[in-house]
Amino acid sequence: MPINSQIMLVNGVLARTVSDVRLGLGVVMGAHHRDPQSIDVPLPARQYQARGAGARALRGETDAAIAEGVRIAGAHSSGRLQVEEIEPPMVFESYLAWTELI
């Protein structure tokens with residue numbers, strides 16, 4: 001694969017709930033002989049306080065409907081998660097680095 005395709009790969013489980021992520025991790029965890037980056041690490045039984053973050057706005061323009069949807073999702077999750085609104089660091093620099101890599 002070209003390097004730009006490899007950079008966009010995600011190692012992990014995507015899900016709508018923390019419990020679904022935990023279930024998915026139970027399925028995919030552990031080393032695999034064809035993946036040199038995989039390792040055996042046990043999934044701890046201990047439950048942690050679930051936390052989440054939502055970005056206020058990224059540089060550029062965000063459609064108002066999308067921004068509102070993110071705020072609604074954060075408010076909806078606040079009963080189960082500790083949700084914090086954040087300003088992601090170095091967003092512009094990330095765009096520049098990504099452009100250089102491509």
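**Labels and the values behind them**

Tutor: Let us start with valine 27, which has its place in helix H2, residues 18-28; the model is a predicted one.

Student: Why is valine 27 called exposed?

Tutor: The relative accessible area of valine 27 is 68%, and a residue counts as exposed when that value is over 50%, so valine 27 is called exposed.

Student: What makes Leu25, Val27, Val28, Met29 and Leu43 a patch on the surface?

Tutor: These residues form a nonpolar patch that together has about 430 Å² of accessible area; nonpolar side chains are joined within 5 Å, provided that each residue has over 30% relative accessible area and no salt bridge. Leucine 43, for instance, has a relative accessible area of 31%, so leucine 43 passes the cut-off of over 30%.

Student: Why is leucine 43 called partly exposed?

Tutor: Buried means under 20% and exposed means over 50%, with partly exposed in between; at 31%, leucine 43 is therefore partly exposed.

Student: Where is leucine 43, and which residues is it in contact with?

Tutor: Leucine 43 has its place in the loop between H2 and strand E1, 51-55. Apart from neighbours within four places in sequence, leucine 43 is in contact with Arg22, Leu25, Gly26 and Met29, where contact requires heavy atoms within 4.5 Å. The C-alpha atoms of leucine 43 and glycine 26 are separated by 7.1 Å, although these residues are 17 residues apart along the chain.

Student: Is glycine 24 buried or exposed, and how do you know?

Tutor: Glycine 24, which lies in helix H2, has a relative accessibility of 15%; since buried means under 20%, glycine 24 counts as buried. The C-alpha atom of glycine 24 is separated by 8.7 Å from that of glycine 12, twelve residues apart along the chain.

Student: How many salt bridges does the structure hold, and what makes the pair of arginine 71 and glutamate 68 a salt bridge?

Tutor: The structure holds one salt bridge. In the pair of arginine 71 and glutamate 68, the closest N and O atoms are 3.4 Å apart, and the cut-off is a side-chain nitrogen within 4 Å of a carboxyl oxygen, so the pair is a salt bridge. Both residues lie in helix H3, residues 64-77, and they are three residues apart, about one turn of the helix.

Conventions: Residues are numbered from 1 along each chain as its sequence is written. This is a predicted model: local features need pLDDT of at least 70, side-chain atom pairs count only at pLDDT 80 or more; totals for chains, interfaces and linings use all residues. Side-chain values use heavy atoms; hydrogens and water are left out. Patches are made of residues with over 30% relative accessible area and no salt bridge: like charges are joined within 9 Å, nonpolar side chains (Val, Leu, Ile, Met, Phe, Trp, Tyr) within 5 Å. Accessible areas come from the Shrake-Rupley method with a 1.4 Å probe; for residues, only the protein chains shown count as cover. Helices (H or I, at least four residues) and strands (E, at least two) are DSSP runs, numbered from the N terminus. Buried means under 20% relative accessible area, exposed over 50%, partly exposed in between (1.4 Å probe, protein chains only).
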